[in-house]
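Colleague: Can you walk me through the labels on this one? I'd like to hear what stands behind each word.

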Amino acid sequence: MAYENLAALYDGLMQDIDYEEWARYLDDLLRRFACPGKVLVDLGCGTGNITIPLARLGWQVTGLDRSEAMLEEARQKSAVFGVQVEWLRRDMTQPELADLAPQAVIATFDAFNYILEPEALQMMLQELYWSMAEGGLLIFDLNTPYKLRQTLGDNLYSYHDEQVDYIWENHWDAEDDITQMQLTFFVRDEATGLYRRSQEYHEEKIYEPEMVKMWLALAGFTVEALYEPLSFEPLTDVTDQAKVIFVARRPKDDDAWEDEAQ
């Protein structure tokens with residue numbers, strides 16, 4: 001399963017990402033668009049790199065992930081930071097959030113690209129709409145078609161440090177519009193000096209932003225904005241962008257009724 005072998009290495013490999021900056025950016029977005037409350041769910045939360053900083057910023061956070069190994073890393077980190085987060089093992093396509101009625105739902109670092117069936121993404125958006133509080137905000141990002149086809153595409157990457165080496169081999173399946181990623185890790189055992197080999201296989205589905213906007217509208221959401229990462233400038237062209245940020249709102253029921261009447 002994806003991320004089971006990678007969980008213990010994940011934070012080290014992603015150390016170039018400023019998660020605190022991302023958390024502040026999301027906090028700014030939620031405030032800028034007047035999130036109606038502080039109950040927040042982080043879909044595909046991984047090891048909690050965004051979840052925990054948001055909890056420290058005052059959000060009442062629940063983290064969902066389908067990888068128990070990633071959640072265990074998250075639990076240990078939240079204990080170290082002394083923050084209260086509820087960690088739930090669930091597939092984000094079946095989040096079952098009605099009991100939480102979150103006022104905000106986020107999904108960062110291309111979590112939705114891992115949903116390989118368009119129908120599953122559409123059904124999840126519909127379930128989120130019915131589960132969220134009125135006026136609630138849905139904020140997520142997607143890797144763009146440009147990044148998955150061109151930047152990653154049929155390319156090979158490698159990484160080396162004192163603890164781990166890995167080879168990242170990609171293939172773009174043009175028929176299904178899916179980028180397939182095979183990661184091979186060689187992790188050094190400090191006691192013996194020997195390397196242990198493990199592999200992870202990942203797939204990301206390419207979604208056109210305009211199509212996702214249409215699915216959001218069909219589910220009942222109002223699309224408030226599309227941004228470049230860590231930016232508040234409206235995104236007008238995704239031709240050579242790596243990632244796009246979506247901000248959508250679950251309208252109040254009376255607002256939705258008025259829209260239909262018009």
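This is a predicted model: local features need pLDDT of at least 70, side-chain atom pairs count only at pLDDT 80 or more; totals for chains, interfaces and linings use all residues.

Colleague: Why is Asp176 called partly exposed?

Modeller: Its relative accessible area is 39%. Buried means under 20%, exposed means over 50%, and partly exposed is in between, with a 1.4 Å probe and protein chains only as cover. Residues are numbered from 1 along each chain as its sequence is written, and side-chain values use heavy atoms, with hydrogens and water left out.

Colleague: Where does Asp176 lie, and which residues gather with Asp176 in a patch of negative charge?

Modeller: Asp176 lies in the loop between strand S7 (164-173) and strand S8 (178-188); helices (H or I, at least four residues) and strands (E, at least two) are DSSP runs, numbered from the N terminus. The patch also holds Glu117, Glu119 and Glu175. Patches take residues with over 30% relative accessible area and no salt bridge, joining like charges within 9 Å and nonpolar side chains within 5 Å.

Colleague: What makes the contact between Arg149 and Asp177 a salt bridge?

Modeller: The term needs a side-chain nitrogen of Lys or Arg within 4 Å of a carboxyl oxygen of Asp or Glu. Here the N to O distance is 2.7 Å, so the pair qualifies. Arg149 sits in helix H6 (residues 145-152) and Asp177 in the loop between S7 and S8, 28 residues apart.

Colleague: Which of the labels, buried or partly exposed, goes to Arg149, and which to Asp177?

Modeller: Arg149 has 23% relative accessibility, so it counts as partly exposed. Asp177 has a relative accessible area of 16%, so it is buried.

Colleague: Why do you say that Lys243 and Asp110 tie together parts of the chain?

Modeller: Their side chains meet in a salt bridge at 3.2 Å, N to O. Lys243 lies in strand S11 (residues 243-249) and Asp110 in the loop between strand S4 (104-107) and H5, so the pair ties together parts 133 residues apart in sequence. Both Lys243 and Asp110 are buried.

Note on methods:
Accessible areas come from the Shrake-Rupley method with a 1.4 Å probe; for residues, only the protein chains shown count as cover. Lys and Arg count as positive and Asp and Glu as negative; His and the chain ends are not counted. The place of a charge is taken as NZ of Lys, CZ of Arg, CG of Asp or CD of Glu.
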